[in-house]
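Hello,

Here is the structure for your set.

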Amino acid sequence: MELVEVDRITVHVLVDFECDPYSTAPKFQNYLPEGQRWALSEIKKYEEATLSAGSQGSSSSHVHTVPESIGCIGGDLACCSSTGFAYLINLYKGEEKYTVMFDTGPSDLTVVNVNKMGLNIGDVTDIVLSHRHWDHTGGILSVLDKIRVDSISKEKRTVNIHAHNDVFIESGRRLKTGLILRQESCSSPEIISQHGGKVHFSKTAKLIANGTVLISGEVPRITEYEKGIPEQVTKRITETGIVEWFDDPMMTEEQFLVVKIKDKGICVFSACSHAGIVNVTRHAVNNLSSPLAPLYLVMGGFHLIGNCEPIIEPTIRDLAKFNPKYICAGHCTGYKAKAELRNCFRDNFHTTPTAATFEFPSFD
C-alpha cells in the first residue's frame with residue numbers, strides 16, 4: 001500500500017487545549033483569525049508607507065499616516081480553546097486539492113472557530129475519527145451540517161466518515177471508588193447518516209483522498225512503557241448476554257494519519273496517542289512507509305499528561321531516534337512534556353495552539 005506523494009499541505013488547528021497568539025511562531029505557522037489578520041495587515045501597510053515616505057524626505061503633508069480607526073480587534077473575533085482536538089488538512093498535488101478533517105472536536109465550538117478563522121469546509125470529503133473520546137467526536141453533527149452549508153452546490157452529498165468499530169461503543173473511566181464515570185458517546189452511524197455522513201468501519205490500514213492520506217489501522221504495541229490508560233473501561237455484552245463494564249486500558253481502536261510530502265518525507269498526525277507516540281511513530285516508519293522515507297513531521301497529541309508523565313523521558317529519548325525534522329505537539333501532551341520536547345528538539349519543536357495554521361514543507 002503506497003502513499004501518493006503531495007507537493008504541500010496546510011493544517012488548520014480548529015480546536016486544541018490552548019490559545020497562544022503572541023509567542024514567536026515559526027515561519028510556517030500563522031496564528032491570527034481572519035479578522036485580526038486583516039486589521040493588523042492594514043496597520044502594517046500604513047506603517048510601511050509612512051516609513052517609506054519619511055526615508056525619501058517627503059514633507060509631513062505627504063506622509064501616509066494611520067487613520068484614526070481601520071477596524072476593531074475584540075473578543076468576538078477570538079477563537080476559543082477547549083478540551084478537544086480537530087484538524088482541517090488540505091493536501092495539494094499539482095492542480096489537485098484534497099481536504100480531510102481529522103476528528104471534530106468536543107462540540108459545535110469547532111464550527112464556531114471555523115467561522116472565526118474565515119474557513120470554508122464545504123470541500124471536505126472525508127472525516128477520520130481517531131478514537132471514541134467525546135472531545136474528538138462531539139462535534140461530528142455540527143461539522144457535517146456546516147459542510148453542507150459551505151458546499152458550493154448546496155446539494156445534499158455524502159461525507160465519508162472513517163472509524164474503527166469501537167469508536168461507537170459506550171465507555172468511561174473507573175474511579176478509585178470503583179464507580180464508573182461515563183463518557184459521552186459518539187453519535188450513532190444512523191444519526192450521522194441523517195446529517196450527510198456515511199460511516200466506513202475499518203480496523204486495518206487504508207488509503208483515502210485519492211491515495212494521499214493513509215489511515216493507520218490498529219497500532220502494534222511494542223514498547224514496554226506505553227501501557228495505555230489503566231482506568232479506561234468499555235461496556236460490552238458477555239457470552240451469556242449480560243452487559244458489563246470491562247477494563248480496556250489499551251484502547252486498540254485509536255488510529256492515526258500518514259501523509260507523504262515530495263522530497264521531504266512522511267508526516268504523522270496522531271490525535272491522542274493512547275497507543276504511545278513511539279509505537280505510533282515506529283508503526284508509521286517501519287510498517288506504513290513504503291518505500292521507506294525519512295520522518296519529516298510528527299504532529300498532534302502525545303498523551304504525556306497525568307499518570308503518563310513518568311514516561312516522558314523514555315518517550316522523548318526513543319522519539320529522537322527516528323530523527324524527525326519537526327515535532328509539533330499539543331492537545332494532551334502536557335506542559336511538562338512540551339518543556340522537555342523543546343529542550344530536546346530546540347527550534348524544531350513547536351506547539352499547536354487553537355486557530356494556528358501550519359504550512360509544510362517549510363523553507364528548510
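What volume does the second largest pocket have? About 240 Å³.

Some ground rules. This is a predicted model: local features need pLDDT of at least 70, side-chain atom pairs count only at pLDDT 80 or more, and totals for chains, interfaces and linings use all residues. Residues are numbered from 1 along each chain as its sequence is written, and side-chain values use heavy atoms, with hydrogens and water left out.

**Terms for the voids**

The search runs on a 1 Å grid over the protein atoms alone. A cavity is a set of points where a 1.4 Å probe fits but cannot get out. A pocket is an open set with protein on both sides within 12 Å along at least five of seven lines. Lining residues have an atom within 4 Å of a point. Points are joined across faces, edges and corners, and a volume is the space filled by probe spheres set on them.

**Second largest pocket**

Its lining counts 14 residues. Nearest the centre are Asp20, Ser23, Thr24, Ala25 and Thr351. Strands E2 (29-30) and E18 (349-351) each give two or more residues; E18 has the largest share, three. Strands (E, at least two residues) and helices (H or I, at least four) are DSSP runs, numbered from the N terminus. By class, the lining has seven nonpolar, six polar and one charged. Nonpolar means Ala, Val, Leu, Ile, Met, Phe, Trp, Tyr, Cys and Pro; charged means Asp, Glu, Lys and Arg; the others, Gly among them, are polar.

**Largest pocket**

The volume is about 430 Å³. The lining takes 20 residues, with His133, Gln183, Ile229, Gln232 and His303 nearest the centre. Helix H3 (134-137) and strand E8 (180-183) supply at least two residues each. E8 gives the most, three.

**Cavities**

There are two cavities of 30 Å³ or more. Leu3, Lys260, Ile266, Leu288, Ser289, Ser290 and Pro291 line it.

**Sheet**

E18 also belongs to an open sheet of seven strands, ordered E10-E11-E14-E15-E16-E17-E18, with mixed pairing. Two strands pair if DSSP finds at least two bridges between them. E10 (206-208) and E18 stand at the edges with a single partner strand each, so one side of each has no neighbour in the sheet. E10 and E11 (213-215) run antiparallel, joined by three bridges. Lysine 206 has isoleucine 215 in E11 as its bridge partner.

Best regards
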